[in-house]
Amino acid sequence: MIRLTGIERVFRVGDEEVHALRGVSLDIAQGEYLSIMGPSGSGKSTLLNILGLLDRPNAGRYELNGHDVTGLADDELARVRREAIGFVFQFFHLVPRLTAGQNIELPMVLAGIDPAERRRRLDKLLADYGLVPRAGHRPDQLSGGQCQRVAIARAMSMGPTLILADEPTGNLDRHTGQEVMAVLERVHHEGGTVAVVTHDPEIGKRAHRRIRLVDGEIASDERSGDD
Amino acid sequence: MDSRKTLDSRIRGNDGCFAVRRAESDLMITRDFIAFTLASLKAHRLRTALTALGIAVGIASVILLTSIGEGLHRFVIAEFTQFGTNIIGVAPGRIQTHGASLGAVNTVRPLSIDDAIALRKAPYVQVADPLVQGNAEVVHAGKSRRVTLYGTGPDFSKALSMRVASGDYLPPDDPHAARAFVVLGSKVAFELFGTDNPLGSRIRVGSERYRVVGVMESKGQILGFDLDDTVFIPVARALDMFNRESLMEIHVTYEPTAPLAEVEEGLRRILVARHGAEDFTLTPQQKMLEVFGTVLDAITFAVAAIGGISLVVGGVGILTILTIGVAERTSEIGLLRAIGATQRSIMLLFLGEAALLSAIGGAAGLLLGWSIAVLLELTFPALPVHTPWMYAVLAELVAVGVGLAAGVMPARHAAGLDPLEALRSE
């Protein structure tokens, strides 16, 4: 489903060139649950951004669902993100003036989906993520865990091919973090492909496939037998 | 593949063609677009209100100033058309400029009563009435008053659409030997006779005695001339009184549907034949109105432009607030881009905010300007104020235009942000 081949990403910091990714090749299959770990500066966030089409590699090839997306124009990338990728961020990134329901609806609104269909999907998502009583609340009236559930529901609203979570528990206490991971894992159990970037080994261990990056290269790629 | 299908149906239901439709639609539904924009504006009520106020003041001042300009326009035109529009003034001498003093006569050949009589035969002409004007003292029963005296023919009131309140206007006597009759302006009648009926009374005008045959309806002032503080006597007697040979003007009225150029040509032909040269000036009322109209339009435009300055200031307000808004909402812009908003959508969202903000301000400004205009009208009835609805529509469009212009820069900046950088900005 996803095939990265020889991905290079170089940042220019002043006069220096920083190699964030050095020839990363990676296949991700439909329905996988993987974690990307590594020390800071190892390139794990850069890899996630490239997977999420928020960043472009300097070299290499990215195939998504059999299509080469490496050379797409900016607005085409936006369209692919909208259709195929769901993001979950460390700081939730909910729009503060919109209610939980409106935040979940936002990708569908941007995609121009008609209100009746949106309503139908929103009701389902609110029920699935236990947010029905919170639908009319604004983010500042929600707990961190609820905010992240809203963010996950939002990521799921377009039925994405891939869910990308960047330190999804980084801003939550341990208990709430585990709750949020349980929600992400449910997405995976229902057939979703989930990739989690984390520096927390306990979170990372939960995934069935664990990729470890060191200095922009894949140092290890382990799988548990149970998937 | 089975699990994938579960996910799909969980989210999308059984709507198989949905993916296709989704791919085609690249833009938000208009209603959502407006709702989203409104929510952004409502999130900062005070800020929105103050920014809109800037535009409101601009639009209000444009509306108010153009209303006064337009009111003035209508007032002046009404003042001049109260005598009718199908009038041509014939004055002695070649006077190229309009509006020369009535007394400043520099003529080659006098304009005579017989000229006026001859002009009645010109094509389309209804009335050609001679006029001489001056000052005279009128005396009755020990009261005396210095008034404006008009020496006219019997058709004067008809030519200038003036009405007689009681009695009649001067009778159609032999123009060279008319009887000593006088018609009084309403103010003169009141000053000399009070509430008594002046008809049939004898008064002294200059050194001669005249019999009052009529009293005019009140006509008010025009450009400083009190048209009621006047007396009207036969033109030949007035010429004798002032010891003049020439009339000051002949008022010619013509059939309203007649072509002006042909009317003018007819008059010119007759007078040139009588005088041997074109030593007179024709001044059609219509042409004067056109000149006035041009001048007054220019004044209206100028005051509108002055109001426009405050509108520009309002636009700068929008620019400022939107620039701040983009800076504050960088992270939100990043999120919107991450979840699939195109650059175009971001640009449209911010332009929409600018347009909505200025439209709200514009509407408030219209209301404000119009309220002040009504208030002015009620407080100072003499001040002519008129707000054509076209101006209101135009002002609202201008407001939205100003908003869009002010929004372009911040909106472009917002659209050009790198999604990743923007996301990190929190």
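Author: Let's start with a strand pair: strand β2 (residues 125-140) of chain B and strand β11 (residues 249-254) of chain B run antiparallel, joined by six bridges. Strands here are DSSP runs of E with at least two residues, helices are runs of H or I with at least four, and both are numbered from the N terminus. Two strands pair if DSSP finds at least two bridges between them. This is a predicted model, where local features need pLDDT of at least 70, side-chain atom pairs count only at pLDDT 80 or more, and totals for chains, interfaces and linings use all residues. Residues are numbered from 1 along each chain as its sequence is written, while chains are lettered from A and ligands numbered from 1 in the order in which they are written.

Reader: How many bridges pair β2(B) with strand β3 (residues 143-152) of chain B?

Author: In this pairing, Leu131(B) sits opposite Thr152(B) of β3(B). The sense is antiparallel, and the number of bridges is 10.

Reader: And which residue takes a positive phi in the hairpin of β2(B) and β3(B)?

Author: That hairpin has two residues between its strands. The one with a positive phi, near 50°, is Ala141(B).

Reader: Which residue in β6(B) stands opposite Val138(B)?

Author: β2(B) also pairs antiparallel with strand β6 (residues 202-205) of chain B, over two bridges. There, facing Val138(B), is Val205(B).
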